[in-house]
Amino acid sequence: MDMQATRPATGPMVDPFGRHVTYLRVSVTDRCDFRCVYCMSEHMTFLPKKDLLTLEELDRLCSAFIAKGVNKIRITGGEPLVRKNIMWLFRALSRHLEMGALEELTLTTNGSQLPKYAAELAACGVKRVNVSLDTLRPDRFKAITRWGDISQVMNGLAAAEKAGLAIKINAVALKGVNEDEIEDLLLFAHGRGYDLTLIETMPLGDIDGDRTEQYLPLSIVRARLMDRFTLEDIPYRTGGPARYVRVAETGGRLGFITPMTHNFCESCNRVRLTCTGTLYMCLGQEDAADLRTPLRASHDDAVLYAAIDEAISRKPKGHDFVIDRRTRRPAVSRHMSVTGG
Ligand code: SAM
Ligand code: SF4
């Protein structure tokens, strides 16, 4: 028998619903220097450091996904830039950009460490960053992030601009918390040439508060914005779930991520890898695949490719998030900081 013919091969990854998986999000740590109210409880128990994949292992896993057709990688967390020596991973992955196998290497960050790392990220071929910022008011910022200081993020944005990185602000729309500030965030972002994306809160992980009190449908936010601004639908896509409009008055782009009010699963092209090597085929489902065992079992990447193929064959059709008063439990017990936003 020809062994070669039975060896799991590289690329492409196509799930049972015909969706090509080309986008990998990698949570490199579950730790964070902030404690955002919708994301974590104040006293989180983090993974023991020994359970984490090393940076070399993360590089090998990412490279296996690239060999299997991933052309876009987003590094996230937790806060990715608090992982020790994280720039080693960016430098390592940048070789795939240079060789053309990877089209984009990017990250989502709370911005606190950008003053330190923005220039190095740009040198590694990172072209744009998503920076999370839910408010422009220092007192509110402290209340939302518990441990953060808005001046760190403002300095981070300045550093990113100086390094030539394109910036997108991510803001979670929170009822009674920042809903009166959405216009200000829009004017701030567009005034500086940044995109803005609004996100609905998702029921991921136990937090100290009640999610039904935080949830604000973006359909309401959009209707309110339309009283003041002209929102023109545009076909712009970044490979993510956001739907974009152009705001005629500012000329800037505004995205909406609406997992709760509009299901975006039909075009899902992504899978998510955690810092322990667990692959989640859907942000909104518990089903997962352990890639750490095959990774450590053999130096032969064929073992890894087989495990990845098996996981992709289980990618579910979609999530079933609900937040209502009867469903007081989170739809998914793990926090966003585990799977990455
Ligand atoms: N620490 C980084 C940051 O804050 O950008 C990266 C990880 S964070 C989990 C990624 C994104 O997920 C952030 O924009 C954050 O606001 C968002 N997020 C966290 N928990 C969420 C939730 N339960 N629902 C919706 N978005 C959430
Ligand atoms: Fe940290 Fe980001 Fe979660 Fe905030 S949203 S606690 S910054 S991981």
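Buried means under 20% relative accessible area, exposed over 50%, and partly exposed in between, with a 1.4 Å probe and protein chains only as cover. Keep that at hand for the exercises below.

This is a predicted model, where local features need pLDDT of at least 70, side-chain atom pairs count only at pLDDT 80 or more, and totals for chains, interfaces and linings use all residues. Residues are numbered from 1 along each chain, chains are lettered from A and ligands numbered from 1 as written, and side-chain values use heavy atoms, without hydrogens and water.

**Exercise 1. Find the buried residues of helix α3 and name elements that cover them.**

Step 1: Locate α3 at residues 86–99; helices (H or I, at least four residues) and strands (E, at least two) are DSSP runs, numbered from the N terminus.
Step 2: Pick out its buried residues, which are I86, M87, L89, F90, A92, L93, S94 and H96.
Step 3: Look at the cover, which includes α2, β2 (72–76), β3 and α4 (114–123).

**Exercise 2. Trace the largest nonpolar core and the contacts of I75.**

Step 1: Such a core is a set of buried Ala, Val, Leu, Ile, Met, Phe, Trp, Tyr and Cys residues joined through side-chain atoms within 4.5 Å.
Step 2: The largest one has 93 residues, and L24, I73, I75, F90, L198, L254 and L279 make the most contacts inside it.
Step 3: Helix α2 (residues 55–67) is the top contributor to this core, with 7 residues.
Step 4: Leaving out residues up to four places away in sequence, I75 touches several partners, among them V26, V28, L89, F90 and L105; contact means heavy atoms within 4.5 Å.

**Exercise 3. Describe the surroundings of ligand 1.**

Step 1: Count 19 residues around ligand 1, with Y38, G78, T109, S132 and M202 the closest; a residue belongs here if one of its heavy atoms lies within 4 Å.
Step 2: Note that β3 (104–109) and β5 (166–172) each supply at least two residues of this shell.
Step 3: Check the polar contacts, pairs of N or O atoms within 3.5 Å. A nitrogen atom of ligand 1 lies 3.0 Å from a backbone N or O atom of G78, and a nitrogen atom of the ligand is 3.2 Å from a side-chain N or O atom of E79. An oxygen atom of ligand 1 is 3.2 Å from a polar backbone atom of T109.

**Exercise 4. Decide which residues surround ligand 2.**

Step 1: List them: C32, F34, R35, C36, C39, M40, G78 and N110.

Key
Polar contact = N/O pair within 3.5 Å; in protein donor to acceptor, adjacent residues only side chain to side chain.
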